[in-house]
Amino acid sequence: MNLLIKESAEIIKESKFTIAFTGAGISVESGVPPFRGEHGLWNKYNPEVLDLGYYLNNEEECWVHIREIFYDFFAYAKPNKAHEVLARMERKGLLNSVITQNIDNLHFDAGNKTVHEFHGNSKKLKCLKCGKIYDASEYDLKNIPPRCKSDNQILKPDFIFFGEGIPQDAYSNSFADAEKAGVCIIIGSTGEVVPASYVPRTAKQNGAIIIEINPEESLFTEQVTDIHLPGKAGEIMALLEKELF
């Protein structure tokens, strides 16, 4: 394992363009529950509350569950060691961008500046009528649903619901960076969610070395991964940090 950590660090140091691709596994260590798997939120909640068609017809009902999932569970989450190391890597010029499937804002909270949020951000609220974006902190979400200050329409969390397209800027920037990458570090993503999972595959097709940090093997491991570092995100990133700096 130590040899693989050292090898990975050397590869990252030599890379001219490095991206990190992160999924739910990096945020679990910050107390953010995953949606899928044994302890996933979909075992407790009906995914229908995040279906765009259903939501538009049942906004007030959906907001009860949305508040519980995203603003009660996520409210006190703080960046963990893995987030912090990625932010340090960017500051030191060893990381060019983070592409994340997560909507918890933790990469920004940790200090990363270039983050492509493939599925949006739960800290923002959007008016579907006028398009105005608000910071969720502007609202007391004990009183739901939140409404637009301009036209009194119910606000929608600015992350992707089922049946909704990926934000255009995040999509195009993610794949543009994947095509340029010499190294792609996968952290905490199983590779089950498309089209996000095409990002590391695109990097691989364009010649990138894929370093995967996941406790278990994923859909990426056999297909695109060059080096698998098995373990929790925070622990492996802490070991990498010692070799990188």
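**Cavity lining and sheet order**

Helix α6 supplies three residues to the lining of the largest cavity, the largest share from any element. The model is a predicted one. The count of cavities of 30 Å³ or more comes to one. The largest cavity holds about 30 Å³ of space. Its lining consists of Thr100, Asn102, Asp104, Asn105, Leu106, His107, Phe108, Val115 and Glu117. Two elements, α6 (106-110) and β3 (115-117), each give two or more residues to this lining. By residue class, the lining of the largest cavity divides into three nonpolar, four polar and two charged residues.

Strand β3 also belongs to an open sheet. Six strands form this sheet, in the order β3-β2-β1-β7-β8-β9. The pairing is parallel. Strands β3 and β9 (227-229) stand at the edges. Each has a single partner strand, so one side of each is left without a neighbour in the sheet. From one strand to the next, the twist averages 20°.

Helix α7 (residues 168-180) packs on the sheet. Its contacts there are with β1 (18-22), β2 (97-100) and β3. The direction of α7 makes about 130° with that of β3.

Within the sheet, strands β7 (residues 183-187) and β8 (residues 209-213) run parallel and are joined by five bridges. Isoleucine 187 has isoleucine 213 of β8 as its bridge partner.

Conventions: Residues are numbered from 1 along each chain as its sequence is written. This is a predicted model: local features need pLDDT of at least 70, side-chain atom pairs count only at pLDDT 80 or more; totals for chains, interfaces and linings use all residues. Side-chain values use heavy atoms; hydrogens and water are left out. On a 1 Å grid over the protein atoms alone, a cavity is a set of points where a 1.4 Å probe fits but cannot get out, and a pocket is an open set with protein on both sides within 12 Å along at least five of seven lines; lining residues have an atom within 4 Å of a point. Grid points are joined across faces, edges and corners, and a volume is the space filled by probe spheres set on the points. Helices (H or I, at least four residues) and strands (E, at least two) are DSSP runs, numbered from the N terminus. Ala, Val, Leu, Ile, Met, Phe, Trp, Tyr, Cys and Pro count as nonpolar, Asp, Glu, Lys and Arg as charged, and the others, Gly among them, as polar. Two strands pair if DSSP finds at least two bridges between them. Axes are lines fitted to C-alpha atoms, for helices over the stretch in contact, and angles run from 0 to 180 degrees between N-to-C directions. Contact means heavy atoms within 4.5 Å.
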